[in-house]
Amino acid sequence: DDLEVKAFHRRTGHVLTLELKKKRVQKSKALLKRYANGLYQNILFTDEKIFDLEECFNRQNDRVYARNATMAREVAPRIQRAHHPPSVMVWWGVSYNGVTPIHFCEKGVKTSGKVYRETVLGPLVKKLNTELFHGLNWTFQQDSAPAHRAKATQSWLQENVPDFISYEEWPSASPDLNPLDYSLWNELQRRVCNKRHCNIDALQPAIVKEAKAIPLDTIRASIDAWPERLRACIRARGHFEN
C-alpha cells in the first residue's frame with residue numbers, strides 16, 4: 001500500500017522475433033487504415049479452439065473463504081482431473097451482426113484445406129452473405145493456419161465472399177489481435193466449463209447453448225476493442241500488450 005503497487009500475473013505468448021514484431025506493426029497499421037471509420041464492424045472474426053470435459057480452474061484466483069479446510073471442502077469439492085480428457089475442436093465466427101453456428105471438427109480428421117472448405121467454408125460461410133449480413137458488404141477474417149492459407153482456400157474466398165483478409169495481411173502469431181482469442185473464447189469457456197461434463201455428448205450441446213446465450217452487446221464490445229488492440233501493438237513496437 002505504501003508503494004502504491006498492485007500484483008499482476010505473468011502472461012504467456014508466442015516467441016516474437018525481430019522480423020515478426022516488425023511485420024506485426026506493419027500489418028496492424030495497414031488494418032487500422034483499411035478498416036477505419038467503423039468499417040471494422042463489418043468483419044466476421046473466426047477461430048478454432050479445443051474444449052475438453054474438465055471444469056475450469058485457476059489455482060491462483062479460485063479461492064474459498066471458510067473457517068477451516070473441512071468447511072472449505074464441503075463448500076467447494078475437489079476439482080477432478082483426468083490425464084487425457086476427451087476433447088473436441090470448435091470453429092466459430094463472431095461479428096457485429098451476430099454469430100455463426102458452432103461447428104465441431106470431426107475427431108481424428110486432419111483439417112486440410114480441402115476439409116476446411118468442404119466442412120466450414122462451403123456449408124457455413126457462403127450462406128452468411130444472405131443469412132447474417134443480408135447482402136451487405138462484409139469481410140471474412142481467419143488466421144494463417146495451413147488450411148487457411150492454402151491457395152485453393154484463398155481462391156474460394158475470393159470467389160464467394162465480398163471481402164477477406166488474406167493470410168499475408170493478417171499478423172501471424174497474434175492471439176492478442178483476434179476478439180475470440182482475447183475475449184470471447186474465455187467468456188464461452190467460463191460459461192460452458194463451470195462444471196465437469198460426463199462425456200462429449202454432454203459437452204457439445206452445452207457449447208452450442210452457451211454460444212447462443214452470450215449477449216450481442218458483449219460480442220460488440222470485444223470487437224470495438226479491436227482497433228485499440230492494433231494501436232497497442234503499434235505502440236509496443238510489435239510486442240504483446242495484453
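Modeller: Before we start, two strands are said to pair if DSSP finds at least two bridges between them, and the helices (H or I, at least four residues) and strands (E, at least two) are DSSP runs, numbered from the N terminus. This is a predicted model, in which local features need pLDDT of at least 70 and side-chain atom pairs count only at pLDDT 80 or more, while totals for chains, interfaces and linings use all residues. Residues are numbered from 1 along each chain as its sequence is written, and side-chain values use heavy atoms, with hydrogens and water left out.

Biologist: What makes strand 1 and strand 2 a pair?

Modeller: Strand 1 (residues 43-52) and strand 2 run antiparallel and are joined by 8 bridges, and the definition asks for at least two, so they pair. One of the residues with a partner is T46, whose bridge partner in strand 2 is G93.

Biologist: How do you know that strand 2 also pairs with strand 3?

Modeller: Strand 2 and strand 3 (residues 98-99) are antiparallel over 2 bridges, and at least two are required, so this counts as a pair. S95 stands opposite G98 in strand 3, and the two strands form a hairpin with 2 residues between them.

Biologist: Why is E210 called buried?

Modeller: E210 has a relative accessible area of 17%, and buried means under 20% (exposed is over 50%, partly exposed in between, with a 1.4 Å probe and protein chains only), so the word applies. E210 lies in helix 8 (residues 200-213).

Biologist: Which residues is E210 in contact with, leaving aside its neighbours within four places in sequence?

Modeller: E210 is in contact (heavy atoms within 4.5 Å) with L188, R191 and V192.
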